[in-house]
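Take a look at the fold below. We will walk through it one piece at a time, starting with a pair of helices and ending with a single residue.

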Amino acid sequence: MRPSVIIETDIGHDPDDLFAICYLAAAGVDIRAICVSPGDPDQIAIARLLCDEIGLNIPVGAAQMGRTKRSSGSIHHALLSRYGKSLDAEADMLGREAITTVTRREGFELFVIGPVTSIGSYLAAHRAERCPFERATMQGGFVPYAIHRPAVTLDKFEGKAWVPTFNLNADRPNGQHFLDAPMPRQMVGKNVCHTVQFDKARFARFSKPTNRASELFHEAATLYLETHESKKFHDPTAAVCHLHPEVGVWMDGKTVRREGGWTTVPGEDKVLVDLDHEAMWHRLETFT
């Protein structure tokens, strides 16, 4: 049986989030709530489109209510227009309230592909209670090459002891609440997921869609690749790692803040240090 998952995302800025959520839904994950950070009206609109199209009757929460400025980019406005949807929508409630609404039992998992505001604030408010989350995967963090050198490296990470990572830097206090919570975590860091590139040749290898979530993935991917040569696949890589951690090589570690960014020290979390790229792509190519 697939897990029940709460997702925190900054969907609407980078199409990665949409691809990752479609993958999880198509793979049979029981998505119970989507928390959008920060919660701009066009972000909420694309989250609602996704829920409507793949049949998710779940709360859509926002890190901040009442935002009015649109911020979405890439293919999201084109998708909303294609489906005759408004570019503006309102969240059901604050993200932390959405989490409270659905977590009436234990056994939930967390998947974080945006600033961790809603989950972090929920954890801070309930720190005296038993943590209801069995595990979490976050796209974020960094393991220096001096600690572990993966098979595929990038020049921009050479010699780095720490790097900024948006999903933690955008809300450092709540990011720290997430990192300190008593639950198992998997951190999928920039030094590995930045090596994963999605392009037309790779997309041609994908199986034909067999459900609505995979159809929406294909539609969005086709739209994106009409105007882009390739895309770093950070969030879908994290999604595959959440369901299939065997595609990665993991070390025991803890993500900690260093100056303006983050690094890894000894600890009990699992931190991604390398990736079997073909195994990961096989999961994505056949997820329908």
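The crossing of helices α5 and α7 is left-handed. This is a predicted model. Two packed helices are described by the angle between their axes and the distance between the axes. Here, α5 (residues 117-125) and α7 (residues 172-180) pack at an angle of about 65°. Their axes lie 8 Å apart. Which residues meet? From α5 come T117, I119, G120, S121, L123 and A124. From α7 come N174, H177 and F178. Sorted by class, this contact has 4 nonpolar residues, 5 polar ones and no charged ones.

Now move to helix α1, residues 16-26. Buried means under 20% relative accessible area. By that cut-off, 11 of the 11 residues of α1 are buried, so the helix is largely enclosed by the rest of the structure. The list of buried residues includes D16 and D17 as well as L18, F19 and I21. Just after α1 comes G28, which takes a positive phi of about 95°.

Next, strand β1, residues 4-9. Here 6 of the 6 residues are buried, so β1 too is largely enclosed by the rest of the structure. Both of its faces are covered. On one side sit S4, I6 and E8; on the other sit V5, I7 and T9. β1 also has a partner, strand β2 (residues 30-36). The two pair in the parallel sense over 6 bridges. In this pairing, I7 stands opposite I34 in β2.

Leaving aside neighbours within four places in sequence, F111 is in contact with residues including V5, I6, I7 and E8. A20, L24, T137 and A239 are also among its contacts.

Finish with A239, which sits in helix α11, residues 234-243. Is A239 buried or exposed? It counts as buried because its relative accessibility is 0%. Beyond its neighbours within four places in sequence, A239 is in contact with A20, Y23, L24 and F111. A239 and T137 are 102 residues apart in sequence. In space they are 8.1 Å apart, C-alpha to C-alpha.

Notes. Residues numbered from 1 in each chain as written. Predicted model: local features only at pLDDT ≥ 70, side-chain atom pairs only at ≥ 80, totals over all residues. Heavy atoms only, no water. Axes fitted to C-alpha atoms, helices over the stretch in contact; angles between N-to-C directions. Helix = DSSP H or I, 4+ residues; strand = E, 2+ residues; numbered from the N terminus. Left-handed = near helix turned anticlockwise from the far one by under 90°. Contact = heavy atoms within 4.5 Å. Nonpolar A, V, L, I, M, F, W, Y, C, P; charged D, E, K, R; others polar. Buried < 20%, exposed > 50% of the residue type's maximum accessible area, 1.4 Å probe, protein only. Pairing = 2+ DSSP bridges.
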